[in-house]
Amino acid sequence: MNHIIDFFPRLINMSAIASIVILFVLVGRLILKRTPKIFSYALWVIVLIRLLVPIHVPSPISAIPVTQTTNSAEINAALPVLDFETPRDRQQNTESFQQSIENDTAYVHVSHSLEPTGYLAIAWVAGMGVMVLYSGLSYWKIRKKVCIAVPLRDNILIADDIKSPFVIGFIRPKIYLPCNMGEKEQEYIILHEQHHIRRFDHVIKALAFLALTIHWFNPLVWVAFVLACKDMEMSCDEAVIRKLGSDVRADYSASLLTLATGHRIIAGTPLAFGEGDTKGRIKNLARWKKPGIWLLVIALILCAVLAVYLI
């Protein structure tokens with residue numbers, strides 16, 4: 001428990017730095033609004049690094065402030081010395097002096113366990129436990145639904161008890177499709193999910209959920225998680241349209257509407273994720289057009305500058 005209490009101030013420092021990065025990325029995301037979503041999605045990788053990597057190498061051009069994190073043990077050890085009367089002031093003789101030291105040591109030990117840092121650390125661990133439990137139950141429910149599935153080909157299976165397609169798995173991800181999908185819908189959705197897997201989105205999603213579990217107390221991290229998932233899905237939609245041509249946008253959008261479940265899952269489970277934000281994705285497809293080379297160059301430069309500035 002002492003190790004957790006000692007680490008907690010450092011975690012708060014990491015979360016505060018990540019909050020600064022998230023604000024920068026939100027501004028960059030607005031600037032990149034008319035560019036392909038892959039650029040906005042790439043910016044969230046910077047946030048993920050700052051949330052999970054505790055090491056920061058100072059740079060003269062970095063926007064990340066260099067802060068000195070105080071060890072909680074040092075803080076807690078200092079407080080009793082400042083607050084309590086010293087043993088020397090209470091010394092009456094040699095025997096009572098020795099007894100006083102022993103009593104003060106025990107009292108300091110008790111006071112350490114009652115420090116606010118300790119209570120906050122316990123609350124943090126409890127919150128992570130709730131997140132892990134929720135994720136585990138969600139994963140168990142999904143596995144129960146797909147326990148009976150018919151192989152279509154390769155890593156693609158068809159299940160009867162699901163309403164929306166999704167990818168499940170971490171090391172060997174599989175694509176599950178509802179049984180009532182038409183052939184054309186299957187073509188679009190399979191391309192979409194295969195692009196997720198080729199791009200290792202199932203790994204990135206798992207790491208993003210891990211970051212959310214660790215920093216659950218930070219509302220900006222929840223905002224980042226939701227927006228990153230939206231950019232992930234929209235960038236995959238755009239990849240399918242680039243491959244099949246812009247003429248399929250209407251049919252692709254119709255497929256999204258058909259598969260819309262009418263509810264949103266914010267966190268879900270890290271080893272299984274489906275599609276969401278149907279309205280936003282259809283709007284994005286409606287205004288999509290092949291970007292000019294100059295726009296791609298500007299977006300790439302902006303992402304590179306933010307990466308150097310924020311990592």
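Good morning. Because the model is predicted, local features are reported only at pLDDT of at least 70 and side-chain atom pairs only at pLDDT 80 or more, while totals for chains, interfaces and linings use all residues. Residues are numbered from 1 along each chain as its sequence is written, and side-chain values use heavy atoms, with hydrogens and water left out.

I begin with the whole chain. The protein has eleven helices and five strands; these are DSSP runs, H or I of at least four residues for helices and E of at least two for strands, numbered from the N terminus. Of its 311 residues, 41% count as buried. Here buried means under 20% relative accessible area, exposed means over 50%, and partly exposed lies in between, with a 1.4 Å probe and protein chains only. Taking contacts between residues at least 6 apart in sequence, 74% join residues at least 24 apart, where contact means heavy atoms within 4.5 Å.

I turn now to helix packing. Helix H1, residues 2–31, packs with helix H2, residues 37–52, at an angle of about 175 degrees, and the two axes are 8 Å apart. The axes are lines fitted to C-alpha atoms, for helices over the stretch in contact, and the angles run from 0 to 180 degrees between N-to-C directions. H1 and H2 are therefore roughly antiparallel, a term for angles over 145 degrees. On the H1 side, the residues that meet H2 include Met-14, Ile-17, Val-21 and Leu-26. On the H2 side, Leu-43, Trp-44 and Val-47 are among the residues that meet H1. By class, this contact holds 13 nonpolar, two polar and two charged residues. Nonpolar covers Ala, Val, Leu, Ile, Met, Phe, Trp, Tyr, Cys and Pro; charged covers Asp, Glu, Lys and Arg; the others, Gly among them, are polar.

Also in H1 is Asp-6, which is partly exposed at a relative accessible area of 28%. Asp-6 and Thr-117 are 111 residues apart in sequence, yet 8.8 Å apart in space, C-alpha to C-alpha.

What do the buried residues of H11 pack against? They pack against H1 and H2. Helix H11 runs over residues 293–310, and its 18 residues should span 26 Å at 1.5 Å a residue; the end C-alpha atoms are 26 Å apart, which agrees. The expected span is 1.5 Å times one less than the number of residues. Buried in H11 are Leu-295, Ala-299, Cys-303, Leu-306 and Leu-310. They cover an arc of only 65 degrees around the axis, so they lie on the same side of H11; the arc is taken from the directions from the helix axis to the C-beta atoms. In general, an α-helix has 3.6 residues a turn, so residues three or four places apart point the same way. The face of H11 turned away from the buried side carries the exposed residues Ile-293, Trp-294 and Leu-300.

Next, the region around strand E1. Cys-147 is found in the loop between helix H5, residues 116–145, and E1, and is exposed at 59% relative accessible area. Its C-alpha atom is separated by 8.5 Å from that of Ala-159, twelve residues away along the chain. Within E1, residues 149–153, is Pro-151, exposed at 63% relative accessibility. Not counting residues up to four places away in sequence, Pro-151 touches Ile-156 and Leu-157.

Finally, backbone angles. Most residues other than glycine have a negative phi. Asp-154, in the loop between E1 and strand E2, has a positive phi near 50 degrees and is exposed at 74% relative accessible area. Phe-200 has a positive phi of about 60 degrees. Phe-200 lies in the loop between helices H6 and H7, and counts as exposed at 52% relative accessibility.

How values were computed
Parallel < 35°, antiparallel > 145°, perpendicular 65-115°, else oblique.
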